[in-house]
Amino acid sequence: SMGVFVANGSLAITRSRDKLRSHQVMSKAGVDIPRTVFASNKSNVKDVIALAGGVPLVVKILEGTQGVGVVLIETQKAAKSVLDAFNGMNVNFLVQEFIEEAGGADIRAFVVGNKVVGAMMRTGAEGDFRSNLHQGGTAIKYKLSKEEKITALKAAKATGLSICGVDMIKSKRGPLVMEVNSSPGLEGIELSTKRDISGAIVKYIIEAVGDKTNPKKT
């Protein structure tokens, strides 16, 4: 509002933090995502399970972060119990198909401007399907395929974020975007890729606003 440059605007940040809205925006832009069903506290459990493609499935609360509020459900009976419990707490959540072939691993592509400046593959801790580093996962440097790079940039553009972490998983039908994070951590991606990601961010900002410390460059 004051005319000060911001890398990520408030609308884009708000959109990315709302899992339902971000999935709607990405879907509209043609970004491939897992089959996703929004479940309100009045949803019919059987219909939700069927629309998500049946069990196993993944349940996510709308504003969970770092793997918190994400549950894998493997049987029809367990699905009904968990969804009934969530409904009873008046919690809005998403139900998604479980991509078994991903093997509990995902890919984070770090986008700065219109470039992918680094990528890592994260694998969940033993016995945990979540690959988040905050949940005990591990990460290694990863080389994106052309399709994965295009998908990451497309997701970032759809959400309006100039700096973000795009989380994808491999599937039989290509890369699927799970989430676009507007405040991705730097430690994991810099350690695994050995790249100066923070330097890339600074460079992007300087180029966007002009180097005020050197008038000849502005």
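Predicted model: local features only at pLDDT ≥ 70, side-chain atom pairs only at ≥ 80, totals over all residues.

Me: How many helices and strands does the chain have, and what percentage of its residues count as buried?

Reply: The chain contains seven helices and nine strands. Of its 218 residues, 44% count as buried. The accessible surface comes to about 12,000 Å², with 53% belonging to carbon and sulfur atoms.

Me: Which residues of helix α7 are buried?

Reply: A helix may be read by its length and then by its faces. Helix α7 (residues 197-209) has 13 residues and reaches 19 Å from first to last C-alpha, close to the expected 18 Å. Its buried residues are Ile197, Ile201 and Tyr204. These cover an arc of only 65 degrees around the axis, so they lie on the same side of α7. The face turned away from that buried side carries the exposed residues Lys203 and Glu207.

Me: What covers the buried residues of α7?

Reply: The cover includes β5 (105-112), β6 (115-123), β8 and α6 (187-193). After α7 comes Gly210, with a positive phi near 90 degrees.

Me: Why does Asp167 count as buried?

Reply: Burial is judged from relative accessibility, with under 20% as the cut-off. Asp167 counts as buried because its relative accessibility is 5%. This residue lies in strand β8 (residues 163-169).

Me: With which side chain does the side chain of Asp167 make a polar contact?

Reply: The partner is the side chain of Arg122, at 3.2 Å. Leaving aside residues up to four places away in sequence, Asp167 touches several others, among them Asp106, Ile107, Leu176 and Glu179.

Note on methods:
Residues numbered from 1 in each chain as written. Heavy atoms only, no water. Helix = DSSP H or I, 4+ residues; strand = E, 2+ residues; numbered from the N terminus. Buried < 20%, exposed > 50% of the residue type's maximum accessible area, 1.4 Å probe, protein only. Polar contact = N/O pair within 3.5 Å; in protein donor to acceptor, adjacent residues only side chain to side chain. Contact = heavy atoms within 4.5 Å. Areas by Shrake-Rupley, 256 points an atom, 1.4 Å probe, with all protein chains shown as cover. Expected span 1.5 Å × (residues − 1). Arc of directions from axis to C-beta.
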